[in-house]
Amino acid sequence: MTAMQPTDKFTIETITDVRPWTESLFSFRTTRDRGYRFVPGQFARIGVKDAASGEMVWRAYSIASASHDEHLEFFSVVVPGGAFTSRLSKLKEGDPIFVERKSYGFLTTDRFEAGRDLWMLATGTGLAPFLSILHEFPTWEQYDNLILVQSVRTQAELAYEDLIQGFDQSEYYAEFAHKLRYARIVTREPVEGALGDRVTKLLANGVLEENLGLKLDHDRSRIMLCGNPEMVEDSRKLLLGRGFRLSRRGEPGHLAVENYW
Ligand code: NAP
C-alpha cells in the first residue's frame, strides 16, 4: 500500500501529544502546517483513516490552541459507539492525522463591534474555542472583562481548570489576568466553589450574573455560546428574549453561537 500524500485539500500532520482527562475526555496536539491559518474560535476538519475500510473519515473540531502556537490542540470526548472518536482516542504520539487546509466557523470575536465584556459560555468540549480566544492578546486588550463559564457533569471533567486559573501566574498574561472572571458549573455532583445548576437556569434566574458580579447588558456584553446543541438553542432563545441580537454577516450583534456536535 502506498503512503498517503498531502493534497490541495489537506496536509498530513503528526500527533505530538495525547492527554487523557477522564476515561472519555482527552486532548491531543498535532504538528501544524506552516501555511495553516485560523481565527481563534474557528474549527478545523480532521481526518483519520478507518482501519476496517481504509476510508478517510472527517470530523469538525474546534481548535483549542492559540493562533500563534506552532502546534494545533484539540479537546475531544469519546462518543459511546462512535467510530471516529473511539479511533481517535487510540491514536498515540507519532501517528499521522489529516488536517484540511481550510479553517471554518464564525464563533470569532470579529463578529462583534464595540462591547466591553466578552461572555464565553461553554458546556463540555465546547470549551475548546474559548481556550484559543483566551490566548489572544488583542482579546485581553480589547475587553474590560473576559467571562468564562465552563459547565460539566463531574468535577473530573473540569479540564484545563489549572490553565484557566493560572493566567495570573503566566509571564505573558499576568498583567491582564485580573480581567478574567471564571465560573465553574458542575451539574451532577456537589463541588465546593462551583455552581450546581444548568447554565440556562442560572441565566434565567440571574444567579450566574450575581455569582460573577457582572450584569448582562446590551451595550457592554458580547456573548458566545458553544457546546451541547440544546444548551446553545435554549440559551440563545433566552438571550434573544432579553433583547440581545444574533451577529450576522455584515451585521454585528451581541451573540455568536456554535453547536459542538
Ligand atoms: P453534556 O451532556 O453536553 O453535558 C455537559 C454540561 O452541559 C453538563 O453540565 C450538562 O448538564 C450541561 N447541559 C446539557 N444539556 C444542557 C442544556 N440543554 N442546557 C443547559 N445545560 C446543559 O455532556 P458531555 O460530556 O459534554 O457530552 C455528553 C455526550 O454528548 C457525550 O458522552 C457524547 O456522547 C456526546 N457528544 C458528542 C459529540 C460529538 O461530536 N458527536 C461531542 C461532544 C459530546 P446536565 O448534567 O444537567 O446534563
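Modeller: Helices (H or I, at least four residues) and strands (E, at least two) are DSSP runs, numbered from the N terminus. This is a predicted model, with residues numbered from 1 along each chain as its sequence is written. Local features need pLDDT of at least 70, side-chain atom pairs count only at pLDDT 80 or more, totals for chains, interfaces and linings use all residues, and side-chain values use heavy atoms, without hydrogens and water.

Colleague: Which residues lie closest to the centre of the largest pocket?

Modeller: A pocket is an open set of points on a 1 Å grid over the protein atoms alone, where a 1.4 Å probe fits, with protein on both sides within 12 Å along at least five of seven lines; lining residues have an atom within 4 Å of a point. A volume is the space filled by probe spheres set on the points, which are joined across faces, edges and corners. Here the largest pocket has a volume of about 1,100 Å³. Its lining has 37 residues, and G124, T125, R153, N228 and W261 are the closest to the centre.

Colleague: Which element gives the most to this lining?

Modeller: Strand β4 does, with four residues. β4 (residues 56–62) also pairs with β3 (residues 43–49) in the antiparallel sense, over seven bridges; pairing takes at least two bridges found by DSSP. V57 in β4 is the bridge partner of V48. Six residues separate β3 and β4 in their hairpin, and G54 in the turn has a positive phi of about 75 degrees.

Colleague: Where does the largest pocket lie?

Modeller: Domain 1 (10–104) and domain 2 (109–259) both contribute to the lining, so the largest pocket lies between them. The domain bounds come from an automatic or database assignment.
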